[in-house]
Amino acid sequence: MAVKLSAAGLSYLMFVVLARWLGADDYGQYASAFSAGTFLSYVMLAGLNSEILRRLPALEGDSGSSGARRVFLATALRGQALALLVVGAIGMLVALAAYVLGSAGWGKMILLAIGFGAALALAEFLASVFRALGAVNIALVPRDMLWRILLIGTVAGLAALGTSPSLALAATLSIVLLLLSLAVQILAGRRLLPPKGDTSSKTQITEQTTPRGLIWDARWLAVAALASNLLQPLGVVVVGAVLSYSDSGLFFAAQRTAALLSLPLLAMNMIGAPQIARAWSKSGTQEVQRICTHIALVASAGTAVGFLIVLGLSGQLLGIFNPAYSDGGLVLIILAFGNMLNSLAGASGNVMMMTGHARQLVFLSAIGQGSGLVLVLLGGYFWSIEGAAIGEALGILIVNAAIIVWARSKLKIDPSVLSIVRK
């Protein structure tokens, strides 16, 4: 929680510094490329981050667990490298086709999205490894804090020196400094990786898993992650396409500010996801319900405080990015309300993924977030940026309502804050 809250301020400051340095149009393009890269990172992860969180803790009790966990992590790393190469190569071909067809602007955006996506995917992969090993600080600090501190300092220094800003320079700095932070993470966490141990009694599933086989096993986790992350990253891209890059910059700034309200939920899920997986395999429904109720209560309380602040200071908060954004306070309030709904729903997605119901989560998330994305498109087209914000909030409501109903019906678990009064 402490790391995520500290990272929240750094993330906010990082995007403020970039917005001030780049200007409205370039920042809008940066926001679109970063958002597209965020979505692409889930494609590149191929579900391996969730597979690690789900399966690595379960290997702790096996005989020869040290060797088994080491083999599993090595296989997962090879699978991650394979996914990055395949998706990156496909993306390069699409970018090349865009250049050949005369759409240089789209080609540039695709290349930037690939770069962001690869770096963000690798960051999430490593974070999942160290989270599963119980090293939360090493999992989070390099990406959430060190990277942002380095980027803030570098951009501020360039601005002080009078260096001319550009989209390409900002994106390159973002990617290179993230990779540098991950190198520090690997050096700091090497001693925590499972040592070489007895591999004679590894579990059968570890012995038979290959990189491609692991990706295949994680296919539904990958699709679930994609289906769960359609709306917000692609919403920025849609706003840029339907309205303008300046509008996408405002929408991205509002999203980032509203995302601060979800930090209590994100922090609780960081700890709660492995606990849910472990409790489901060893303790059963009652313990999972206890964990979910705790997550929902703590997350909702923290988010409610943030929402009250947004109601009073929405315009001022957006004006920090760019004075022209001050008139977009209503957009921020709408998006903040959507994040409030998400916190009230608690660990809704995680409870399905960590209990082995990724397929059902794919179906529910795809319908809800796909509907929300269509609503963002229609809202932006007919009612400008405020309509796009309403579309995103409705999409969040649809997804969480569907998951809660399913979980209560099929798992007899209510992940929402309402579980406190459930009999």
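1. The crossing of α2 and α11 is left-handed (left-handed if the near helix is turned anticlockwise from the far one by less than a right angle, right-handed if clockwise). Helix α2 covers residues 24–45 and helix α11 residues 231–242; they pack at about 145° with axes 8 Å apart. Axes here are lines fitted to C-alpha atoms, for helices over the stretch in contact, and angles run from 0 to 180 degrees between N-to-C directions. Helices (H or I, at least four residues) are DSSP runs, numbered from the N terminus.

2. On the α2 side, Ala31, Ser32, Ser35, Ala36, Thr38 and Phe39 make this contact, and α11 brings Pro233, Leu234, Val236 and Val237 (contact means heavy atoms within 4.5 Å). By class, the contact of α2 with α11 has seven nonpolar, three polar and no charged residues. Ala, Val, Leu, Ile, Met, Phe, Trp, Tyr, Cys and Pro count as nonpolar, Asp, Glu, Lys and Arg as charged, and the others, Gly among them, as polar.

3. A word on the basis: this is a predicted model, where local features need pLDDT of at least 70 and side-chain atom pairs count only at pLDDT 80 or more, while totals for chains, interfaces and linings use all residues. Residues are numbered from 1 along each chain as its sequence is written, and side-chain values use heavy atoms, leaving out hydrogens and water.

4. Helix α1 (residues 2–22) and helix α7 (residues 167–189) have axes that come within 11 Å and cross at roughly 160°. The two are therefore roughly antiparallel (over 145 degrees; under 35 is roughly parallel, 65 to 115 roughly perpendicular and the rest oblique). Their crossing is right-handed. Leu18, Trp21 and Leu22 of α1 meet Leu167, Leu169 and Ala170 of α7, giving six nonpolar, no polar and no charged residues.

5. Please look closely at α17 (residues 358–411). A kink of about 155° is centred on tryptophan 383 (the angle between axes fitted to the seven residues ending there and the seven starting there). The end C-alpha atoms of α17 span only 13 Å, whereas a straight helix of 54 residues would span 80 Å (1.5 Å times one less than its number of residues). Lysine 412, with a positive phi near 60°, follows α17.
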